[in-house]
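Good morning, colleagues. I would like to take a few minutes to go through the strand pairing in the model now being displayed.

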Amino acid sequence: MSEIFGSIWWLLVTLGVLITFHEFGHFWVARKLGVGVRRFSIGFGKPLWLRRGKDQTEYVIAAIPLGGYVKMYDEREGEVAPEDLDKAFNRKSVWTRIAIVAAGPIFNLVFAVLAFWVMFMVGIPETRPVIGEVSGITAEAGIQPGDEITALDGQDTRTWSHAILGLVTHALDRDQLTVTVEDANGIQSQHVLDLSSLGSDFSEENTLQAIGMTPWRLQIPPVIGEVTPGSAADEADLFSGDRIVSIAGEDVTDWSWIGFLVQKHGKENQPLPITIERDGALMNIEVRPHKQSSGLFSSRLILGVSNAEISDEQRAALDRVAVTLRHGPLDSMSAAVHETWRLTGSTFGLLARMVAGKASTKNLSGPISIAQFANTSASRGLSSFLFFLGAISLSLGILNLLPIPVLDGGHLLYYLIELVKGSPVSDQAQVAGQYFGLMALAGLMSLAFVNDILRLVG
């Protein structure tokens, strides 16, 4: 239940921040260019809070937090006093209208850069793209376990998040990809992945599995190092040196499985069957997991154990993979701009491939998935939440630039047509476009919502 409340809370925080920034872009530019603003609203529907400023603008927080709007002086939407006609949006030049409409998506872009800038100054934990097991296409290319991906088709690739995005793009296009790798001794080599052999049943969410590439991870034996006094493990008489063999009948192959299986099968203060090995003998015991807070409105089940000390060799391997991306203010800004450019290109590329039928529309996410991602990122710390905010802000800006009437991109399309033909698009054409835009937007939202439901039940 706490996870549900956490997801709702962080969804509201995310939408509140990003919608406010987007609408403030329209509001600020409109005011700077001499357009009067009647209402600045965060949310739709009945106002929950309303204040009228000295400039007579109404500032509103409304009941439905799934958007917002800036209502300007406009003779097409209501009467404008004669003394305010020079402030009417519809009487401004087409370039002024373009600037005001484009300001929302541009502010989303600016917010993304700022979020990534702070993220890189705070520092975000990442993993270098070191490969574990190989098979299929990857093995045929001559790539070996332990190799680190350093570039894809000449483009520098130093983290798994960057590597996966690049691999997905080339896999969708079924082309050949030159992968530059570096082994543990620092020796580099190039290999060609022939992605044309991917089958018709290929799905982008399973790219690594499809090409036969597994990220390296440290294999830690499931042997208990320390038991926290008063914990569930302590109450069940687990001791240092015990090896956890299975949880609820599922084998535990290494330490990373323990937390996963406890969340999967456990309930707070309810018996959870565990098999351990102690002094060469197997023992069946019951542990009653405790619940521990892992962030605002977020919690997880724990046993209260830590793993045994890892070897020097394991520590060296872990140090090679784990990295924290942290820079000073100037370098952070450069990294933020680069990250924004990379994600922008990837997003437009994915949208183009969806339209072409190369990428699945399952990639579209609705409010349920966004709420879950928001809660997860917030529980991981400030830097992860900043990355999430930046990525969602960028997606919101790109979505609003799509040439769909009712979105900012649709209005921009009308103004570009006006520039070409020398007169505004007719009211009838705009009304027809509004109907089309509403249907298209409803279709996209419905598809995203269905994807959310399928992810929940899948």
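I begin with strand β3, residues 124–127, in what is a predicted model. Its covered face carries Ile124 and Glu126, while Pro125 and Thr127 belong to the uncovered face. This is the pattern to expect, because side chains in a regular strand alternate between the two faces of the sheet. The partner of β3 is strand β18, residues 322–325; the two run antiparallel and are joined by 4 bridges.

Strand β11, residues 243–247, pairs with strand β13, residues 272–278, through 4 bridges in the antiparallel sense. Here Ile244 is bridged to Ile276 in β13.

Strand β11 also pairs with strand β12, residues 250–251, again antiparallel, with 2 bridges between them. In this pairing, Ile247 has Glu250 of β12 as its bridge partner. What lies between the strands of this hairpin? There are 2 residues between β11 and β12, and in this hairpin Ala248 adopts a positive phi near 55 degrees.

Finally, a word on confidence. The mean pLDDT of the protein chain is 87, and 93% of its residues reach at least 70. Where is confidence lowest, and where is it highest? The lowest value belongs to helix α13, residues 427–457, with a mean of 71, and the highest to helix α2, residues 94–122, at 95.

Thank you for your attention.

Key. Residues numbered from 1 in each chain as written. Predicted model: local features only at pLDDT ≥ 70, side-chain atom pairs only at ≥ 80, totals over all residues. Heavy atoms only, no water. Buried < 20%, exposed > 50% of the residue type's maximum accessible area, 1.4 Å probe, protein only. Pairing = 2+ DSSP bridges. pLDDT = per-residue confidence, 0-100.
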